Amino acid sequence: MSSEVRYCFEDEEVEQVLENMGDLQVRRLPVLNRDKRLVGIISLGDLARNGEVAEAGEALSDISEPGGEHSQTAQ
């Protein structure tokens, strides 16, 4: 498990969420309201199915890069 939970807010722009997913190298994020209460989970597949195909592809490319916080290779 990660020591720090990563999430997005329900009112964030989709492009920002996709960029963050790519930077963090994650395929899913919890979605919180501004009171920091869980309102859902968003996945890369959800975003791709809802018309964000090009952006989702770019995020997937970033996620698929070796390394990153969740790498299973020895450091």
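Two strands are taken as paired where DSSP finds at least two bridges between them. The legends below apply this rule to a predicted model.

**Figure 1. The open sheet of the predicted model, built from three strands.**
The 3 strands follow the order β1-β2-β3, and their pairing is mixed. Strands β1 and β3 (38-43) form the edges, since each of them pairs on one side only. In general, the strands of a sheet are held to one another by backbone hydrogen bonds, in either a parallel or an antiparallel arrangement.

**Figure 2. The parallel pairing of β1 with β2.**
The two strands run parallel and are joined by 2 bridges. Within this view, C8 stands opposite V31 of β2. Both C8 and V31 also belong to the largest nonpolar core. Strand β1 (residues 8-9) has the highest mean pLDDT among the elements of the protein chain, at 96.

**Figure 3. The antiparallel pairing of β2 with β3 and its hairpin.**
Here 5 bridges connect β2 to β3, and the two strands run antiparallel. P30 has I41 of β3 as its bridge partner. The hairpin of β2 and β3 has 5 residues between the strands, and K36 in this hairpin adopts a positive phi near 60°.

The ring centres of Y7 and F9 lie 5.5 Å apart and the ring planes meet at 85°, so the arrangement is edge-to-face, for which the planes must be over 60 degrees apart. The two residues fall into separate classes of accessibility: Y7 has a relative accessible area of 31% and is therefore partly exposed, whereas F9, at 15%, is buried. R34 lies over the face of F9, at 3.8 Å from the ring centre.

**Figure 4. The largest nonpolar core.**
This core holds 11 residues in all: C8, V17, L18, M21, L24, V26, L29, V31, I42, L44 and L47. At least two core residues come from each of α1 (14-24), β2 (28-32) and α2 (44-49). The greatest contribution is that of α1, which gives 4 residues.

**Figure 5. Helix α1 and the residue that follows the helix.**
The buried residues of α1 include V17, L18, M21, G22 and L24. N20 is also part of helix α1, but its relative accessibility is 23%, so N20 counts as partly exposed. The C-alpha atom of N20 is separated by 9.4 Å from that of R6, and these residues are 14 residues apart along the chain. After α1 comes Q25, which has a positive phi near 60°.

**Figure 6. Predictor confidence along the chain.**
The protein chain has a mean pLDDT of 76, and 63% of its residues reach 70 or more. Among its elements, helix α3 (residues 53-63) has the lowest mean pLDDT, at 59.

How values were computed. Residues numbered from 1 in each chain as written. Predicted model: local features only at pLDDT ≥ 70, side-chain atom pairs only at ≥ 80, totals over all residues. Heavy atoms only, no water. Core = buried A, V, L, I, M, F, W, Y, C linked by side-chain atoms within 4.5 Å. Buried < 20%, exposed > 50% of the residue type's maximum accessible area, 1.4 Å probe, protein only. pLDDT = per-residue confidence, 0-100. Phe/Tyr/Trp six-rings, centres within 6.5 Å; stacked < 30°, edge-to-face > 60°. Lys NZ or Arg CZ within 6 Å of the ring centre and 35° of its normal.
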